[in-house]
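Take a look at the model first.

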Amino acid sequence: MRALLLCVLLAAAPARAGQGCGDDALSVDAVRQSMALAQRSAAALEDSGARVALIARAGQDLSKYQVEYSHMAIAVRDHPAGRWRVVHELNECGSDRSALFVEGLGNFFLTDLYRYRAQIVIPGPALQERLLQRMTPSAERRLHEPHYNMLSYVYSTRYQNSNQWLLEMLAAASAAPGQVETRREAQAWLQGIGYRPRTVEVGALERLGARMFRANVAFDDHPFARRMAGHIDTVTVDAVLRLVQRLDPQARVLVLD
């Protein structure tokens, strides 16, 4: 059963630029529901009064791992009267590479969702301002590692998964000015505040199968003892949320069905 669950986890890698990697087009109903969710999200962001927020989607069923949302992005308004855009890291269709993308909300949800539910995290005004100051192309690229690993270790710079890029952006925004400019500095700051990621339990056979057949999964960045015990400390959406709530008591969470 666990092997099957891991296959589910791996098969639903974030699609490049919000589009599926396979040949099958989304059904009309899937497109309709995805766009409706995008519209509800845009309305909620407008009503919140925020300038920047975090937004998560449920691309696959991870309930057996006690994980509800699979992927998170930073939502930011183009300008005071403009559209909402998302900035996020995406895996390039099952490869071991990733890139940063800027997309509209509609494209963010057009990715064969498992569930048409979104989570929006609205930071308080102070954290919003600090995050906006960090959202420059150069700062975003400094914290991006193109060598992708879906289950990357939270305290290694060898690989990076999508939620890990966002976590490290939050660390840079929350640290003292000038303290965090690189991934290594972001991880040192997270360790300094005692940040703990979620642990996903992955057995030996699952690890072997994933490593052999998936280019976007590796375990060699994890500490040997933890890996051999099947304890994979990676970055998930709920782990990002726990950090925001720890740093910012004013943060609000909205769930849209």
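## Helix 4 against helix 6

Let's start with helix 4 (residues 125–134) and helix 6, which pack at an angle of about 110° with their axes 8 Å apart. Helix 4 and helix 6 therefore count as roughly perpendicular; that label covers 65 to 115 degrees, with under 35 being roughly parallel, over 145 roughly antiparallel and the rest oblique. Axes here are lines fitted to C-alpha atoms, for helices over the stretch in contact, and angles run from 0 to 180 degrees between N-to-C directions. Helices (H or I, at least four residues) and strands (E, at least two) are DSSP runs numbered from the N terminus.

On the helix 4 side you'll find Leu-127, Arg-130, Leu-131 and Arg-134, meeting Met-169, Leu-170, Ala-172, Ala-173 and Ser-174 of helix 6. Contact means heavy atoms within 4.5 Å. By class, the contact of helix 4 with helix 6 has six nonpolar, one polar and two charged residues. Ala, Val, Leu, Ile, Met, Phe, Trp, Tyr, Cys and Pro count as nonpolar, Asp, Glu, Lys and Arg as charged, and the others, Gly among them, as polar.

## About the model

This is a predicted model, so local features need pLDDT of at least 70 and side-chain atom pairs count only at pLDDT 80 or more, while totals for chains, interfaces and linings use all residues. Residues are numbered from 1 along each chain as its sequence is written, and side-chain values use heavy atoms, with hydrogens and water left out.

## Helix 6 and its other partners

Helix 6 (residues 162–174) also packs with helix 10 (residues 237–247): the axes come within 9 Å and cross at roughly 10°. That makes helix 6 roughly parallel to helix 10. The contact pairs Asn-163, Leu-166, Leu-167, Leu-170 and Ser-174 of helix 6 with Val-237, Val-240, Leu-243, Val-244 and Leu-247 of helix 10. Sorted by class, the residues of this contact are eight nonpolar, two polar and no charged.

Then there's helix 7 (residues 183–192), whose axis comes within 9 Å of the helix 6 axis and crosses at roughly 75°. Helix 6 and helix 7 are therefore roughly perpendicular. Gln-164, Leu-167, Glu-168, Ala-171 and Ser-174 of helix 6 meet Arg-183, Ala-186, Gln-187, Trp-189 and Leu-190 of helix 7. The class count for helix 6 with helix 7 is five nonpolar, three polar and two charged residues.

## Two buried residues

Phe-108 lies in helix 3 (residues 105–109). At 0% relative accessibility, Phe-108 counts as buried (under 20% relative accessible area; exposed is over 50%, partly exposed in between, using a 1.4 Å probe and protein chains only). Leaving aside residues up to four places away in sequence, Phe-108 touches Ile-55, Ala-56, Arg-57, His-71, Ala-73, Val-86 and His-88.

## The whole chain

The protein chain has 10 helices and eight strands, and buried residues make up 54% of its 257 residues. Of the contacts with a separation of 6 or more, 72% are between residues 24 or more positions apart.
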